[in-house]
Amino acid sequence: MENNVKQWAIIEKIEGNTICVRMVQKSACSSCSAKGHCNASESKEKVFQVENTTGEHYVVGQRVMCSIQASLGLKAVFLAFLLPFFVMLTAMILCIHIFHLDEGYTALIALGTLTIYYTLLYISRKQLNKTFALKLEQTA
């Protein structure tokens, strides 16, 4: 059984096979009973582009269910945080222990590796958008 994360959205705009949906992103504490007395709770509206791969008919203003595989959340955390951390750590270890550079140069090289990593991530964004694609489900 596939474990999906689902959230309601409203269709804002339709251009060809691309559908723009608006979701309300809520913080974890927004469902707390004390949220009225706390300034930490917040919610934001975000617009996402979703490809209509099923060919179903949608209209602007329609309420739809958006879903994505839960396992993709771990993959996103890995690509955005864990892998760059290990890239930077490896660069630092190599600079200090193998190349015997001082801390200043090591820090600059480590930051440089992060810059290269995130640039490569940005360049591959089209492929990542296909991997992390939302799916739409019509509601009754």
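Tyrosine 118 is partly exposed, with 37% relative accessible area; buried means under 20%, exposed over 50%, and partly exposed in between (1.4 Å probe, protein chains only). This is a predicted model, where local features need pLDDT of at least 70, side-chain atom pairs count only at pLDDT 80 or more, and totals for chains, interfaces and linings use all residues. Residues are numbered from 1 along each chain as its sequence is written, and side-chain values use heavy atoms, leaving out hydrogens and water.

**Aromatic pairs**

- The structure has 2 aromatic pairs, counted for rings of Phe, Tyr and Trp (its six-membered ring) with centres within 6.5 Å; planes under 30 degrees apart are stacked, over 60 edge-to-face, the rest tilted.
- Phenylalanine 85 and phenylalanine 86 have ring centres 5.4 Å apart and planes at 65°, so they pair edge-to-face.
- Phenylalanine 85 is partly exposed at 43%, and phenylalanine 86 is partly exposed at 44%.
- Tyrosine 117 and tyrosine 118 also pair edge-to-face, because their centres lie 5.3 Å apart and their planes stand at 80°.
- Tyrosine 117 is buried, at 12% relative accessible area.

**Charges over rings**

- Arginine 63 lies over the face of tryptophan 8, 4.0 Å from the ring centre; the rule asks for NZ of Lys or CZ of Arg within 6 Å of the ring centre and within 35 degrees of the ring normal.
- Arginine 125 places its charged end over the ring of tyrosine 122, 4.0 Å from the centre.

**Cysteines**

- The model holds 0 disulfides (a pair of cysteine sulfur atoms within 2.5 Å).
- Cysteine 66 is buried at 2%.
- Cysteine 95 is buried at 5%.
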